[in-house]
Amino acid sequence: MESIKTKPVAVKSAEGQQETNRFFHASMLIGGSRFVSLGLGFVVNLLLVRLLTKPDLALYLLFVQTINSAVMVAHLGLDAATLRFVPLCQAATDRDRLFRLLVTIQVAMLAVVSVSLLASWSPIAAQVDALPLQREGVILIIAVVCMSLNRLLDAYLRSQRHFMTSAVAAELFPCLIN
């Protein structure tokens, strides 16, 4: 009787060890990719400082900071809510319904942010003497929408233990994940 009880435990621990190893490799890929991303961002910023004139660099930084600020306002913690509540849903239909609700909230927030940003961007750019950026309101909105939806999708996939980085790496380098 005891051998029957210990045999499934041994199988589960081997499967558990394999899952732990897979999770560790995926985590290392995510951490490594973020480290590489930070390094590349540092190098690109150094190059931009060297190559651009001061007014052009100021315009670039104004545009990037405006995008980042708008994404923060448009997102309003939906990535944290996704990571918190999606794993609590037991059935796949509940998860899908919750994800549709989160996307609906995200689209509504993006609509509010987009309208207010389009209305205020041109006067703000004129006030800070960023005249070349006055006409770039549509590009600004496209960047905000793409970044916001990317963050929501990334949080949804991470909540189900699907990692974008590891999924790409698994396709390119299957020996690293398995």
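This is a predicted model: local features need pLDDT of at least 70, side-chain atom pairs count only at pLDDT 80 or more; totals for chains, interfaces and linings use all residues.
Helix 4 spans residues 92-127. With 36 residues, helix 4 reaches 50 Å from its first C-alpha to its last, close to the 52 Å expected at 1.5 Å a residue. After the helix comes D129, whose phi is positive, near 60 degrees.

The buried residues of helix 4 are L98, F99, L102, Q106, L110, V113, S114, L117, W121 and A125. Their cover includes helix 2 (54-75), helix 3 (78-85) and helix 5 (137-159). S114 is a handy example to look at in the viewer. Its relative accessibility is 14%, so S114 counts as buried. Leaving aside residues up to four places away in sequence, S114 touches I141 and V145.

We turn next to the nonpolar cores. The largest of them has 16 residues, and those with the most contacts inside it are F63, I67, L117, W121, L133, L140 and V144. Helix 2, helix 4 and helix 5 are the elements that give two or more residues to this core, and the largest share, six residues, comes from helix 2. L133, one of the residues with the most contacts inside the core, touches L59, L62, F63, W121 and A125, again not counting residues up to four places away in sequence. A second, separate core consists of eight residues, among them C89, L102, L152 and Y156.

Across the whole structure, a search finds two aromatic pairs. In one of these, the ring centres of F63 and W121 are 6.1 Å apart and the planes stand at 65 degrees; because an angle over 60 degrees counts as edge-to-face, the pair is edge-to-face. F63 belongs to helix 2 and W121 to helix 4, so the pair ties together parts that are 58 residues apart in sequence. Both partners are buried: F63 has a relative accessible area of 14%, and W121 one of 3%.

F99 and Y156 are both buried, and Y156 is among the residues of the second core.

Note on methods:
Residues are numbered from 1 along each chain as its sequence is written. Side-chain values use heavy atoms; hydrogens and water are left out. Helices (H or I, at least four residues) and strands (E, at least two) are DSSP runs, numbered from the N terminus. Buried means under 20% relative accessible area, exposed over 50%, partly exposed in between (1.4 Å probe, protein chains only). Contact means heavy atoms within 4.5 Å. The expected span of a helix is 1.5 Å times one less than its number of residues. A nonpolar core is a set of buried Ala, Val, Leu, Ile, Met, Phe, Trp, Tyr and Cys residues joined through side-chain atoms within 4.5 Å. Rings of Phe, Tyr and Trp (its six-membered ring) pair if their centres lie within 6.5 Å; planes under 30 degrees apart count as stacked, over 60 as edge-to-face and the rest as tilted.
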